[in-house]
Amino acid sequence: MSDETEPTELSRRALIVGAGATAAAVGGAIGFRAVAGEQTPATGVPALGAQQAGVTRPAMPQQHCLVVVADLDTTALRTTLGALGTQIALMTDPSRGLADLTPDGPGDLTVTVGIGPGALGASGHSELATLLELPEFAGDAALPADRRGGELLLGVNASDPTILEPVASWLMEQVGGARMRWSEFGYRGTPVEGVGRNPFGYFDGIIVPRSEQELRDDVMIAEGPLAGGTICVMRRFRLDVEGFRRLSPAERDATVGREQATGAPLSGGARDDQVDLDAKTPDGALLVPARAHARAAHPSFTGSALMLRRSYSYRASDDDHGHLFISYQNDVQTFARTQLRLDETDALMAFATPTATAAFAILPGMRDGSDLGASLF
Ligand code: HEM
């Protein structure tokens with residue numbers, strides 16, 4: 001690495017100019033559902049803490065992401081993770097920053113690092129690799145090898161999309177033996193009272209764990225070398241938006257199980273209400289149809305916990321655009337059981353084709369002075 005290419009720390013002047021806004025943003029508590037202004041604060045999502053940034057912080061996901069799925073030299077894993085952690089802490093710290101990458105400061109940049117089963121094994125914890133085992137879902141057999149799995153996940157998220165590319169590229173330079181599998185830019189709809197719409201035009205991410213208790217119970221890993229981490233399932237789905245739009249508006253609502261305009265369940269109530277799976281018309285028809293997505297995905301059928309969905313939309317080309325499904329849960333079976341059920345009974349899946357699939361262990365957060373991934377070694 002030459003000195004010319006190495007990003008330099010932000011100048012002291014930039015530090016002083018930005019200091020007021022930074023202090024306000026870091027000091028202000030962020031409610032899980034941010035409503036005022038509809039945006040996450042423009043500055044500072046701390047990288048240090050019991051958990052990595054980007055899973056539950058910021059409360060409302062940033063509007064842009066760059067997902068990178070790669071392989072790496074697992075014999076250099078410890079060094080690579082240490083280097084990634086150091087750079088992430090530096091580049092997201094508004095009082096330091098890396099001026100070549102984020103000349104106007106980091107804003108709400110977060111970088112979330114996950115590792116795959118081979119890397120977990122190489123860390124000396126092969127027993128943990130089973131935490132990431134996914135069965136084969138409908139359509140997976142057709143995927144090229146590079147689109148199934150991966151040993152390194154970098155989730156780079158920010159309100160400002162222009163910083164994503166340089167940040168990801170700099171971080172990939174830190175990775176020993178890096179080999180790119182795939183990457184994708186994602187965007188989220190402008191949130192309305194905390195929830196945005198997906199490319200089908202429906203509010204997405206309504207029913208997710210929100211309280212501290214739910215996040216502790218269902219999302220974060222409580223014990224062992226991954227305590228403070230979680231499991232990320234990443235599935236890239238090409239969506240048949242044209243086909244979906246050929247349905248009548250009533251058929252579309254029936255496919256999702258919620259009204260497009262308001263997001264309210266077809267069983268009644270307001271947008272943020274749960275669907276009532278038993279509600280029927282006077283002549284006995286289910287209000288949330290038998291094959292509706294919201295019914296098929298409902299945790300009550302699989303006995304699963306809630307998954308934290310923080311999905312993005314993407315557009316790679318004219319005929320490849322859709323949904324980057326991203327969920328966090330502390331038990332991969334929460335996802336697996338749900339996807340298996342969707343494959344069997346969900347009318348929405350007729351409009352979704354998987355184009356990549358992987359599960360990653362999201363590493364515990366970095367404490368001040370500790371290396372990323374330190375608890376694994
Ligand atoms: C393929 C593209 C997908 C689209 C466009 C999509 C869209 C939606 C929409 C619009 C909702 C209703 C609003 C909400 O609660 O967020 C929803 C709910 C949900 N989806 Fe998906 N989804 C997709 C894939 C998946 C997958 C792969 C899973 C998991 C295997 C999943 C799990 C869920 C769950 C758990 C709910 C909440 C159900 C409830 O408790 O009411 N979705 N999704």
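Strand β11 (residues 352–362) is largely enclosed by the rest of the structure, because 10 of its 11 residues are buried. Buried means under 20% relative accessible area, exposed means over 50%, and partly exposed lies in between (1.4 Å probe, protein chains only). Helices (H or I, at least four residues) and strands (E, at least two) are DSSP runs, numbered from the N terminus. The model is predicted: local features need pLDDT of at least 70, side-chain atom pairs count only at pLDDT 80 or more, and totals for chains, interfaces and linings use all residues. Residues are numbered from 1 along each chain as its sequence is written, and side-chain values use heavy atoms, with hydrogens and water left out.

The protein chain holds 10 helices and 11 strands. Of its 377 residues, 51% count as buried. Contact means heavy atoms within 4.5 Å. Among contacts in the protein chain between residues at least 6 apart in sequence, 77% join residues at least 24 apart.

Strand β11 has two partners described here. Two strands pair if DSSP finds at least two bridges between them. Strand β7 (residues 230–239) runs antiparallel to β11, and 10 bridges join the two. Within this pairing, Arg235 has Thr357 of β11 as its bridge partner. Strand β2 is also antiparallel to β11, with 2 bridges. Here Gly114 is partnered by Ile362 of β11.

Strand β2 (residues 110–115) leads on to β3. These two strands are antiparallel and share 6 bridges. Val113 stands opposite Leu154 of β3. On strand β1 (residues 64–71), 7 bridges connect to β3, again in the antiparallel sense. Cys65 has Asn157 of β3 as its bridge partner. Strand β3 (residues 152–158) is itself largely enclosed by the rest of the structure, because 7 of its 7 residues are buried. Leu152, Leu154, Val156 and Ala158 point one way from β3. Leu153, Gly155 and Asn157 point the other way. Both sets are buried.

Helix α4 (residues 164–173) also has buried residues. They are Leu164, Val167, Ala168, Trp170, Leu171 and Met172. The cover over these residues includes β1, β2 and β3. It also includes α2 (77–92) and β4 (179–187). An α-helix has 3.6 residues a turn, so residues three or four places apart point the same way.

Phe335 lies in helix α10 (residues 332–345). Its relative accessibility is 3%, so Phe335 counts as buried. Leaving aside neighbours within four places in sequence, Phe335 is in contact with Leu134, Phe137, Val233, Arg235, Met307, Phe325, Ser327 and Gln329. Phe335 and Leu134 are 201 residues apart in sequence. In space they are 8.8 Å apart, C-alpha to C-alpha.

The ligand contains an iron atom. Donors are N, O and S atoms within 2.8 Å of the metal (3.2 Å for Na, K and Ca); water is not among the atoms, so sites may look incomplete. The protein gives the iron a single donor, His293 (NE2), at 2.0 Å. His293 belongs to helix α8 (residues 293–296). A residue is near a molecule or strand if one of its heavy atoms lies within 4 Å of it. Of the 27 residues around the ligand, Gly205, Ile206, Ile207, His293 and Arg309 come nearest.

A backbone N or O atom of Gly205 is 2.6 Å from a ligand oxygen atom. For Ile206, a backbone N or O atom lies 2.8 Å from an oxygen atom of the ligand. For Ile207, a polar backbone atom is 3.1 Å from a ligand oxygen atom.

Cys65 has a relative accessible area of 2%, so Cys65 is buried. Cys232 has 0% relative accessibility and therefore counts as buried. A disulfide is a pair of cysteine sulfur atoms within 2.5 Å. By this rule the count is 0 disulfides.

Two backbone features remain. Most residues other than glycine have a negative phi, and most peptide bonds are trans. The peptide bond from Arg57 to Pro58 is cis, with omega near -5 degrees. Pro58 sits in the loop between α1 (12–27) and β1. Glu193 is not a glycine, yet has a positive phi of about 45 degrees. Glu193 is found in the loop between β4 and β5 (196–197). Its relative accessibility is 49%, so Glu193 counts as partly exposed.

Terms used. Polar contact = N/O pair within 3.5 Å; in protein donor to acceptor, adjacent residues only side chain to side chain.
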